[in-house]
Amino acid sequence: MALKLVYPLLLAGCFWTTTKSEGDAMRKDITTLQGQMSSKQQELDSEIAQLKTVLDDATKVLKRNSADLGADVDGLRNDIRTANGLVTAVNNSVNEMKTAFDKYKKDNDARLDGLEQRVAQIESGKPSANSSPDDLWRLGTQAFDAGRYHDAVEIYKRLYQTFPTHSRADDAAYFRGQSYTNEKDWDKAIGAYQTLVEKYPDSDLADDGLYFAAQAAQQLKNCTEARTYLGLITTKYPRSNVIKQAKELDAQVKRDLKNKSKCTS
């Protein structure tokens, strides 16, 4: 079992990029897409201009041959057929390019809208209704690192309740307890760590949760309860890296039981 005695000062810099940097990256992506759309529009305008040039040339040929109608009727007929074919081809090409560009613009407009919404969500630091488990983990971690423990508690709770089988679900349950610990809300911290052990008994963080639950119970002067959590570490997680710390704390709490000012139960 990996020991993760995590406090805010120790967690600094251990998680994802900050809200500002991610928002800047997305805005850069939006700018790039807008540039691409502008480039596509310029390409379409260029293609249309070239096709119009071909059409104008064909029209000139038609007019020139019309002046010599009596000399070369058969040639004029061929030119007319060629000109008509060019006009049809130009119209078809223009229509195809406009249709393709409209689809391209529609797809990119939808992507831009999605990116704008994503940036707004990230900058707000709040999860949206359809946030993924990875989104919730990142936002919860950002709130935890910023000391916004109330927000972190709610985001972490939503993660493990909505996505109980996700790889970060047990981490969320643990850091929910850490949020309460950092707020010194000992009763709620104990409840959060109990949830961790009940829902994810095989988690690498379960033994750490029991250790912090024992510390919280000690703060409440519930020494018997604290020793119960410490005993569970020894019996359920004999290979835990907190075994040594658990035994030391248990010895201390055992001594405190003799002092009513330190232990009420």
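R227 is partly exposed, with a relative accessible area of 28%. I'll start there. One caution before I go on: this is a predicted model.

So what does R227 pair with? Its salt-bridge partner is D250. The closest N and O atoms of that pair are 2.8 Å apart. Look at where the two residues sit. R227 belongs to helix α9, and D250 belongs to helix α10, residues 243–256. They are 23 residues apart, and the pair links distant parts of the chain.

How many salt bridges does the structure hold? Five. I'll show two others.

Take R148 and D151. Their closest N and O atoms are 2.8 Å apart. D151 is buried, at 19% relative accessible area. The cut-off for buried is under 20%, so D151 at 19% falls on the buried side. R148 is partly exposed, at 31%.

Next, R168 and D171. Here the salt bridge is 3.0 Å, N to O. Is D171 buried or exposed? Buried, with a relative accessible area of 9%. R168 has 29% relative accessibility and counts as partly exposed.

Now to helix packing. Two packed helices are described by the angle between their axes and the distance between the axes. Our pair is α8, residues 206–219, and α9, residues 223–236. Their axes come within 8 Å. They cross at roughly 165 degrees. An angle over 145 counts as roughly antiparallel, so α8 is roughly antiparallel to α9. The crossing is left-handed.

Which residues make the contact? From α8 we have D207, L210, Y211, A213, A214, A217 and Q218. From α9 we have E225, A226, Y229, L230, L232 and I233. By class, this contact has ten nonpolar residues, one polar and two charged.

Last stop: T181. Find it in helix α6, residues 169–182. T181 is buried, with a relative accessible area of 10%. What does T181 touch, leaving out residues up to four places away in sequence? Three names: W186, A189 and Y193.

To recap. R227 of α9 and D250 of α10 join parts of the chain that are distant. Helix α9 also packs against α8, with the axes within 8 Å. D151 is buried, and D171 is buried too. T181 is buried as well. Please keep in mind that the model is predicted. Over to you for discussion.

How values were computed
Residues numbered from 1 in each chain as written. Predicted model: local features only at pLDDT ≥ 70, side-chain atom pairs only at ≥ 80, totals over all residues. Heavy atoms only, no water. Axes fitted to C-alpha atoms, helices over the stretch in contact; angles between N-to-C directions. Helix = DSSP H or I, 4+ residues; strand = E, 2+ residues; numbered from the N terminus. Parallel < 35°, antiparallel > 145°, perpendicular 65-115°, else oblique. Left-handed = near helix turned anticlockwise from the far one by under 90°. Contact = heavy atoms within 4.5 Å. Nonpolar A, V, L, I, M, F, W, Y, C, P; charged D, E, K, R; others polar. Salt bridge = Lys/Arg side-chain N within 4 Å of Asp/Glu carboxyl O. Buried < 20%, exposed > 50% of the residue type's maximum accessible area, 1.4 Å probe, protein only.
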